[in-house]
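Biologist: I would like to learn how to read a model of this kind with some care, one feature at a time. Could you take me through it?

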Amino acid sequence: KLWLEKDGKAFGEGPYQLLAGILETGSLSNAAKKLNMSYSLAYNLIKKVEKNLGFPLIQSKSGGQGGGGSVLTPEALDLMEKYNGFLKESASALEKLFAKYFNS
């Protein structure tokens with residue numbers, strides 16, 4: 001598993017999946033449900049990551065007519081794109097290193 005650190009663990013697979021769920025469903029609550037996570041755990045995770053990174057990841061609006069929802073900030077979308085690229089390139093590099101040292 002690979003993650004980004006900034007004064008401690010800041011961003012990894014869990015937060016990435018949660019943001020992807022928000023992007024897909026338009027809702028933190030629905031994203032949490034998809035991951036079998038309580039809303040409060042998902043909310044606290046997002047807040048912790050935002051604090052560690054120093055920028056907001058989601059913008060939420062309260063319910064009302066049509067209900068509430070959440071959208072990702074431009075910074076969150078950029079982070080997801082970079083993290084996804086980082087993971088893909090890391091996997092390729094790790095495969096090459098594994099082959100070098102363990103496939104004789």
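**Reading the model, feature by feature**

Modeller: Let us begin with asparagine 36, which is found in the loop between α2 and α3, where helices (H or I, at least four residues) and strands (E, at least two) are DSSP runs numbered from the N terminus. This is a predicted model, in which local features need pLDDT of at least 70 and side-chain atom pairs count only at pLDDT 80 or more, while totals for chains, interfaces and linings use all residues. Residues are numbered from 1 along each chain as its sequence is written, and side-chain values use heavy atoms, with hydrogens and water left out.

Biologist: Is asparagine 36 buried or exposed, and what is its phi?

Modeller: Buried means under 20% relative accessible area, exposed over 50%, and partly exposed in between, with a 1.4 Å probe and protein chains only. Asparagine 36 has 76% relative accessibility and therefore counts as exposed; its phi is positive, at about 55 degrees, although asparagine 36 is not a glycine.

Biologist: How should I read the packing of two helices, and at what angle do α1 and α4 cross?

Modeller: Two packed helices are described by the angle between their axes and the distance between the axes. Axes are lines fitted to C-alpha atoms, for helices over the stretch in contact, and angles run from 0 to 180 degrees between N-to-C directions. Here the axes of α1 (residues 13-25) and α4 (residues 74-102) come within 11 Å and cross at roughly 130 degrees. Angles under 35 degrees count as roughly parallel, over 145 as roughly antiparallel, 65 to 115 as roughly perpendicular and the rest as oblique, and α1 and α4 are therefore oblique to each other. On the α1 side the contact (heavy atoms within 4.5 Å) is made by Glu13, Tyr16, Leu19, Ala20 and Leu23, and on the α4 side by Ala76, Leu77, Met80, Tyr83, Asn84 and Leu87.

Biologist: How do α1 and α3 lie relative to each other, and which residues meet there?

Modeller: The axes of α1 and α3 come within 11 Å and cross at roughly 115 degrees, and the two helices are therefore roughly perpendicular to each other. Gly14, Pro15, Leu18 and Leu19 of α1 meet Ala42, Leu45, Ile46 and Val49 of α3.

Biologist: Which residues touch the most other members of the largest nonpolar core?

Modeller: In soluble globular proteins, nonpolar side chains tend to be buried together. A nonpolar core is a set of buried Ala, Val, Leu, Ile, Met, Phe, Trp, Tyr and Cys residues joined through side-chain atoms within 4.5 Å. The largest one here has 20 residues, of which Phe11, Leu19, Leu57 and Ile58 touch the most other members. At least two residues of this core come from each of β2 (9-11), α1, α2 (28-34), α3 (39-53) and α4. Leaving aside neighbours within four places in sequence, leucine 57 is in contact with residues including Leu19, Ile46, Val49 and Leu79.

Biologist: What do valine 49 and leucine 53 touch?

Modeller: Valine 49 lies in helix α3 and is buried, with a relative accessible area of 4%. Leaving aside neighbours within four places in sequence, valine 49 is in contact with Ala10, Phe11, Pro15 and Leu57. Leucine 53 also has its place in helix α3 and, at 12% relative accessibility, counts as buried. Not counting residues up to four places away in sequence, leucine 53 touches Lys6, Ala10, Phe11 and Leu79. The C-alpha atoms of leucine 53 and glutamate 5 are separated by 8.9 Å, although these residues are 48 residues apart along the chain.
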